[in-house]
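Me: I'd like to go through this one with you, a question at a time. Can you show me the sequence and the structure to start with?

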Amino acid sequence: MKELTIQNFDTEIQNADGITIVDFWADWCGPCRMIAPILEEVDREIEDVTVMKVNVDKEPALADRFGINAIPTLIFFKNGEIVKQKTGLYPRDALDLIIKEIRR
């Protein structure tokens, strides 16, 4: 999964095809560590979905830009536009439902 920074964020999001999930996370966050393998699975298994990550400790300006005040926060983009935002730990089946809803 690609790590996003303030320098590459806009370019990566605008150039991404399909649905992009941006995971705002931190090393010390237990729920972030729990959702990481689920997001890796989604990134690997779902062809039209790309998962990218923003470490809020390394990129506080991005966290501020998107009003992130709790992690993990997932922001879902479609064609470069935000279509949904979720905070907390989500199981794979819940992510699949969100993705299905966004595809409509």
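Here is the question-and-answer run, from the overall fold down to single residues.

Reply: Before we start, this is a predicted model, so local features need pLDDT of at least 70 and side-chain atom pairs count only at pLDDT 80 or more, while totals for chains, interfaces and linings use all residues. Residues are numbered from 1 along each chain as its sequence is written, and side-chain values use heavy atoms, with hydrogens and water left out.

Me: What pattern does the protein follow when read along the sequence?

Reply: Helices (H or I, at least four residues) and strands (E, at least two) are DSSP runs, numbered from the N terminus. There are four helices and five strands in the protein. Read along the sequence, they give β-α-β-α-β-α-β-β-α.

Me: Among contacts between residues at least 6 apart in sequence, what share joins residues at least 24 apart?

Reply: Contact here means heavy atoms within 4.5 Å. Of the contacts between residues at least 6 apart, the share joining residues at least 24 apart is 69%.

Me: What percentage of the residues is buried?

Reply: Buried means under 20% relative accessible area, exposed over 50%, and partly exposed in between (1.4 Å probe, protein chains only). Of the 104 residues in the protein, the buried ones make up 44%.

Me: Which residues is Thr20 in contact with, leaving aside its neighbours within four places in sequence?

Reply: Thr20 sits in strand S2, residues 19-25. Thr20 counts as buried, because its relative accessibility is 1%. Setting those sequence neighbours aside, its contacts are Ile13, Thr50, Met52, Ile75, Phe76 and Phe77.

Me: And is Asn55 buried or exposed?

Reply: Asn55 has its place in strand S3. Beyond neighbours within four places in sequence, Asn55 touches Glu3, Trp25, Ala26 and Asp27. Its relative accessible area is 3%, so Asn55 is buried.

Me: On to charges: how many salt bridges does a search of the whole structure find?

Reply: A salt bridge is a side-chain nitrogen of Lys or Arg within 4 Å of a carboxyl oxygen of Asp or Glu. Searching the whole structure, the number of salt bridges comes out at eight.

Me: Where does the salt-bridge partner of Glu45, Arg92, lie?

Reply: The side chains of Glu45 and Arg92 meet in a salt bridge at 3.0 Å, N to O. This pair links distant parts of the chain, 47 residues apart, with Glu45 in helix H2 (residues 30-45) and Arg92 in helix H4 (residues 92-103).

Me: Which residues are linked in a network of salt bridges with Arg92?

Reply: Arg92 also forms a salt bridge with Asp96, with the closest N and O atoms 2.8 Å apart. Those two are four residues apart in helix H4, so about one helical turn separates them. Asp96 is partly exposed, with a relative accessible area of 30%. The residues linked with Arg92 in the network are Glu41, Glu45 and Asp96.

Me: How many residues apart in sequence are the parts that Asp48 and Arg103 tie together?

Reply: The side chains of Asp48 and Arg103 meet in a salt bridge at 2.7 Å, N to O. Asp48 lies in the loop between H2 and strand S3 (49-55) and Arg103 in helix H4, so the sequence separation of the parts they tie together is 55 residues.

Me: What is the omega of the cis peptide bond joining Ile71 and Pro72?

Reply: Pro72 lies in the loop between helix H3 (60-65) and strand S4 (73-78). The bond joining Ile71 to Pro72 is cis, with omega about -5 degrees.

Me: What phi does Asn79 have?

Reply: Asn79 is found in the loop between S4 and strand S5 (81-87). Asn79 is exposed, because its relative accessible area is 58%. Although Asn79 is not a glycine, its phi is positive, at about 55 degrees.
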